Amino acid sequence: MNNLHNPSKNNIGDNMRITKILWVLITILIIWWIYYLFISPNIFKHEKVIIPDIIGLNENEALSLLDDNNVSYELCYIDGGSNKVISTNPEKGITVYDNYKIKVYIEKPLPSYYESFEGLIYYKNKDIIDEYCNNHNLTYEIEYVAGETYIDGQIISQSKKSNEIVKENEHIIFYIAVSNDYFKMPNLVGLNIYAALDILKSYDLKYNLIYYDAPITVDTVIYQSIDEGRIIKKGNDYTFDIYISNGIS
């Protein structure tokens with residue numbers, strides 16, 4: 001049998017080989033253009049620079065020196081009071097490319113946010129609260145809230161929240177829970193004694209009435225031995241004094 005060659009099959013094979021070669025060439029060309037346009041500029045356009053010694057300089061001095069030496073940088077602040085550069089990463093004297101960002105660590109006072117004392121028992125944590133306020137030059141006062149929802153003496157809330165920045169000489173109010181068995185002593189001074197007695201009896205309080213000569217309307221309360229706002233228990237087992245004007249004899 002004679003072997004016959006099929007010209008059409010040979011042409012198809014040749015065309016496929018040519019096509020493959022063209023695709024290989026196109027791929028190589030694309031890769032070369034990507035390298036030329038995007039990779040090689042980033043490799044060859046950057047210069048090597050040496051990190052200068054900026055330890056101990058303030059922020060402005062340090063950044064000015066880095067800029068003069070064409071060193072890129074990223075600032076990292078650490079809470080402290082020196083306002084100086086304390087370290088760099090990499091360290092001074094290391095050679096890097098000018099597009100490499102070194103880390104510059106600067107010590108400076110950072111904003112402080114209020115600490116939350118909510119949920120704590122005030123009387124057990126008073127020393128901690130006092131120390132905290134003293135350290136931040138803060139003052140505070142206590143407001144009592146009667147109710148049975150919270151534990152007696154528990155800090156229900158505070159006027160300065162944990163998302164607020166601490167500023168010196170500010171004032172905080174702590175709202176503290178007290179049992180319904182307790183109440184805040186009202187101001188009786190200036191009331192007629194009979195109106196004052198109605199209030200005292202409503203809390204089942206023990207008291208002494210002391211009449212005192214004074215140039216004030218008769219039967220007017222002129223003094224109370226328990227200060228206004230003091231938290232005391234209803235039905236107290238001790239007596240306190242109420243001074244009443246007897247007029248001028």
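In this predicted model, the side chains of Lys-160 and Glu-170 meet in a salt bridge, with 3.8 Å from N to O. Both residues lie in the loop between β7 and β8, so the pair ties together parts that are 10 residues apart in sequence. The loop runs between β7, residues 155-158, and β8, residues 171-178. Lys-160 has a relative accessible area of 17% and counts as buried, because the limit for a buried residue is under 20%. Apart from neighbours within four places in sequence, Lys-160 is in contact with Tyr-114, Glu-170, His-171 and Ile-172.

Side chains of opposite charge can pair when their charged atoms come close. One of these pairs is formed by Lys-161 and Glu-118, whose closest N and O atoms are 3.2 Å apart. Lys-161 is partly exposed, at 35% relative accessible area. Glu-118 is also partly exposed, with a relative accessibility of 35%.

A further salt bridge joins Asp-130 and Lys-126, at 2.8 Å from N to O. These two residues are 4 apart in helix α3, which means that about one helical turn separates them. An α-helix has 3.6 residues a turn, so residues three or four places apart point the same way. Lys-126 is partly exposed, and its relative accessible area is 33%.

Helix α4 spans residues 193-202, and its buried residues are Ile-193, Ala-196, Leu-197 and Leu-200. These four are on the same side of α4, because they cover an arc of only 100 degrees around the axis. Tyr-194, Asp-198 and Ser-202 are exposed on the other side of the helix. The buried residues of α4 pack against three strands, namely β10 (206-212), β11 (221-224) and β13 (239-245). Where α4 starts, a side-chain oxygen of Asn-192 reaches to within 2.9 Å of the backbone nitrogen of Tyr-194. Asp-204, which follows α4, has a positive phi, near 55 degrees.

A nonpolar patch of about 980 Å² is made by ten residues, Ile-18, Ile-21, Leu-22, Trp-23, Val-24, Leu-25, Ile-26, Ile-28, Ile-30 and Ile-34. Ile-30 belongs to helix α1, which covers residues 7-44. With 47% relative accessibility, Ile-30 counts as partly exposed.

Ile-55 is located in the loop between β1 (48-50) and α2 (59-68). Ile-55 is partly exposed, with a relative accessible area of 44%. Residues up to four places away in sequence aside, Ile-55 touches Val-85, Ile-86, Ser-87 and Thr-88. The C-alpha atom of Ile-55 is separated by 9.2 Å from that of Ile-106, a residue 51 places away along the chain.

Key:
Residues numbered from 1 in each chain as written. Predicted model: local features only at pLDDT ≥ 70, side-chain atom pairs only at ≥ 80, totals over all residues. Heavy atoms only, no water. Buried < 20%, exposed > 50% of the residue type's maximum accessible area, 1.4 Å probe, protein only. Contact = heavy atoms within 4.5 Å. Patch = residues over 30% accessible without salt bridge, like charges linked within 9 Å, V, L, I, M, F, W, Y side chains within 5 Å. Areas by Shrake-Rupley, 256 points an atom, 1.4 Å probe, with all protein chains shown as cover. Salt bridge = Lys/Arg side-chain N within 4 Å of Asp/Glu carboxyl O. Arc of directions from axis to C-beta. Polar contact = N/O pair within 3.5 Å; in protein donor to acceptor, adjacent residues only side chain to side chain.
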